[in-house]
Amino acid sequence: MEKDLEPFSTRVRRGAVLERNCPSREVLKHVTSQWGVLILIVLEGGTHRFSELRRKVDGVSERMLAQTLQWLEGDGLVERIAYPVVPPHVEYSLTPIGREAAGHIRALADWIEVRLPDICDAQAARVAA
């Protein structure tokens with residue numbers, strides 16, 4: 001079936017990330033944000049408390065960490081468990097689709113690390129030109 005003949009609801013459910021109103025874009029923004037990438041990589045190693053995440057993701061503010069965790073939780077990638085104790089005890093871990101996403105993100109981060117010398121050379125060449 002041609003794209004134009006598909007019902008709108010079908011196209012929205014499937015997603016078409018290059019289209020302006022595609023809901024996939026919000027998820028892509030959350031997962032590939034500076035902090036989203038790093039949080040997913042850290043949580044791939046297991047469950048963490050907020051303060052542990054803040055220590056491991058160097059440079060993230062408390063506000064940005066909280067906001068990014070809320071985005072990822074809202075997208076179904078992160079599970080937040082709050083225990084009814086004083087002081088509050090909250091843990092974050094990846095859901096099954098969060099583990100899948102983290103694997104893809106880690107692969108990209110690994111590729112960047114391996115290719116970083118070439119990337120730095122290209123950046124230096126551009127600046128010199």
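**Close-up views of a predicted model**

View 1. Cys120, at 38% relative accessible area, is partly exposed. The count of disulfides, each a pair of cysteine sulfur atoms within 2.5 Å, comes to zero. This is a predicted model, in which local features need pLDDT of at least 70, side-chain atom pairs count only at pLDDT 80 or more, and totals for chains, interfaces and linings use all residues. Residues are numbered from 1 along each chain as its sequence is written, and side-chain values use heavy atoms, with hydrogens and water left out.

View 2. Strands E2 (residues 78-83) and E3 (residues 89-94) run antiparallel and are joined by six bridges; strands pair if DSSP finds at least two bridges between them. Strands (E, at least two residues) and helices (H or I, at least four) are DSSP runs, numbered from the N terminus. Five residues lie between E2 and E3 in this hairpin. Opposite Ser93 in E3 stands Glu79.

**View 3. Lining of the largest pocket.** A pocket is an open set of points on a 1 Å grid over the protein atoms alone, where a 1.4 Å probe fits, with protein on both sides within 12 Å along at least five of seven lines; lining residues have an atom within 4 Å of a point. Among the residues lining the largest pocket are Arg49, Phe50, Leu69, Arg80, His89 and Tyr92. Helix H4 (50-56), helix H5 (62-74) and E3 each give two or more residues to this lining. H5 gives the most, with four residues.

How values were computed:
Buried < 20%, exposed > 50% of the residue type's maximum accessible area, 1.4 Å probe, protein only.
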